[in-house]
Amino acid sequence: MEEFHLMGEFKKISNLVKRKVDCSDVIKNLSELTGTQGHIIGFVGRKNACGQEVYQKDIENEMSLRRSSVTGLLSAMEEKGFIQRQSVKSDKRINKIVLTDKAKAYNKSVIAYFDDLDKEVKSIFNEKEYENLKEYLKRIEIYLKKENVW
């Protein structure tokens, strides 16, 4: 019997999700953004919908990315007209990340696509299996973040 490698399975699933997303018509029509940049737009959009402001540090924490990586992503997104960085009066060292109208329109179509994809994948589990899966994935995430290798 072939040996099971958990991290290898995560990598395979990640690649399959990326391939499926990259082949979707929604994403193909938005070729000026990378998947990670789209994820950032979705994150900022969700937080803004709840009345929360978003700063670069929030994106770093949400996506487990280094500051330099997020700085580069945000700079490219700003150049393409998807975000604006607005200074904060209380602390000149930080900038609030704000979506442009272009990003908001993009976000609406991508949210619908990912909602459908989530429902599709969720349908292969019963309710108990799905709840267990969420718990297991969260536990792995917490453990890996505890290692704090970045």
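I began with Glu 141, which counts as partly exposed because its relative accessibility is 30% (buried is under 20% relative accessible area, exposed over 50%, partly exposed in between, with a 1.4 Å probe and protein chains only). This is a predicted model, in which local features need pLDDT of at least 70 and side-chain atom pairs count only at pLDDT 80 or more, while totals for chains, interfaces and linings use all residues. Residues are numbered from 1 along each chain as its sequence is written, and side-chain values use heavy atoms, with hydrogens and water left out.

I then looked up the partner of Glu 141: its side chain meets that of Lys 145 in a salt bridge (3.0 Å, N to O), a term for a side-chain nitrogen of Lys or Arg within 4 Å of a carboxyl oxygen of Asp or Glu. Both residues lie in helix H7, four residues apart, about one turn of the helix; helices (H or I, at least four residues) and strands (E, at least two) are DSSP runs numbered from the N terminus. Lys 145 is partly exposed at 32%, and I noted that Lys 138, Glu 141 and Lys 145 are linked in a network of salt bridges.

Next I asked how many salt bridges the structure holds, and I found ten. Another of them joins Lys 96 and Glu 53 (3.4 Å, N to O). Lys 96 lies in strand E2 and Glu 53 in the loop between helix H3 and H4, so this pair ties together parts that are 43 residues apart in sequence.
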